[in-house]
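Subject: Structure for you to look over

Hello,

Here is the structure I promised to pass on. My notes follow below it.

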Amino acid sequence: MINKLDNLLGFNQKALGLRAARQELLSGNIANADTPSFKAKDFDFSKAMQNVQSPRQVQNSLATTSSRHIGLSDFRSITSVPEQYRVPQQPSIDGNTVDMDTERMQFMDNAMRYDAGLTFISGQFRTLLSAIREGN
């Protein structure tokens, strides 16, 4: 039963986790808009989503004494998203690459998509609850 719920909600859970991580990154850019030499960062959401969905091989530095021990071969992490620096449209004298218009637009777009994801997940839960109630 848990596997079925994970299959149903797993994609949205990962997407919301990435949206939250991106929101933190964008808010950091906005907060450092006046910091000299600060470089604005972001990541490609679609590439990050592919990275999170596909299993990655991770070097196993843990010593295992049995073949039945849990390995790290199917490790997936939201924190392993590769960040990229933004190319400034108008470079500033102090080396800061934050463009407030771009950051605000990206922040609002990401926030709306996050809210849409929450709405979608709550709709899925309502559908599940309705199906459970109909079964009684």
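Ala21 is found in helix H1. Helices here are DSSP runs of H or I with at least four residues, strands are DSSP runs of E with at least two, and both are numbered from the N terminus. Ala21 is partly exposed, because its relative accessible area is 28%. Buried means under 20% relative accessible area, exposed means over 50%, and partly exposed lies in between, with a 1.4 Å probe and protein chains only. Ala21 and Asp42 are 21 residues apart in sequence, and their C-alpha atoms are 10.0 Å apart in space.

Please note that this is a predicted model, where local features need pLDDT of at least 70, side-chain atom pairs count only at pLDDT 80 or more, and totals for chains, interfaces and linings use all residues. Residues are numbered from 1 along each chain as its sequence is written, and side-chain values use heavy atoms, with hydrogens and water left out.

The chain overall

The protein chain has 3 helices and 2 strands. Along the sequence, their pattern is α-β-α-β-α. The chain has 136 residues, and 26% of them count as buried. Contact means heavy atoms within 4.5 Å. Among contacts with a separation of 6 or more, 74% join residues 24 or more positions apart. The chain exposes about 9900 Å², with 56% of that supplied by carbon and sulfur atoms. Those areas come from the Shrake-Rupley method with a 1.4 Å probe; for residues, only the protein chains shown count as cover.

Is Gln23 buried or exposed? Gln23 is buried, because its relative accessible area is 17%. Leaving out residues up to four places away in sequence, Gln23 touches Phe107, Asn110 and Ala111. Asn110 and Ala111 are among the buried residues of H3. Others there include Thr102, Glu103, Gln106 and Ile121. What do the buried residues of H3 pack against? They pack against helix H1 (2-31) and strand S1 (41-42).

H3 itself covers residues 100-135. At 1.5 Å a residue, its 36 residues should span 52 Å, and its end C-alpha atoms are 52 Å apart, so the two agree. The expected span is 1.5 Å times one less than the number of residues.

The loops

Two residues in the loop between H1 and S1 deserve a look. One is Ser37. Ser37 has a positive phi of about 65°, although it is not a glycine. Ser37 is partly exposed, with a relative accessible area of 49%.

Lys39 lies in that loop between H1 and S1 too. At 37% relative accessibility, Lys39 counts as partly exposed. Lys39 and Val87 are 48 residues apart in sequence, yet 9.0 Å apart from C-alpha to C-alpha.

Glu83 sits in the loop between helix H2 (45-53) and strand S2 (84-85). Glu83 counts as partly exposed, because its relative accessibility is 48%. Not counting residues up to four places away in sequence, Glu83 touches Leu25, Lys41, Asp42 and Phe43. The C-alpha atoms of Glu83 and Ala48 are separated by 9.5 Å, and the two residues are 35 apart along the chain.

The largest pocket

The largest pocket has a volume of about 150 Å³. A pocket is an open set of points on a 1 Å grid over the protein atoms alone, where a 1.4 Å probe fits, with protein on both sides within 12 Å along at least five of seven lines; lining residues have an atom within 4 Å of a point. Its lining includes Ala33, Asp34, Pro88, Thr97 and Val98. By class, the lining has 3 nonpolar, 5 polar and 3 charged residues.

Best wishes

Notes:
Grid points are joined across faces, edges and corners, and a volume is the space filled by probe spheres set on the points. Ala, Val, Leu, Ile, Met, Phe, Trp, Tyr, Cys and Pro count as nonpolar, Asp, Glu, Lys and Arg as charged, and the others, Gly among them, as polar.
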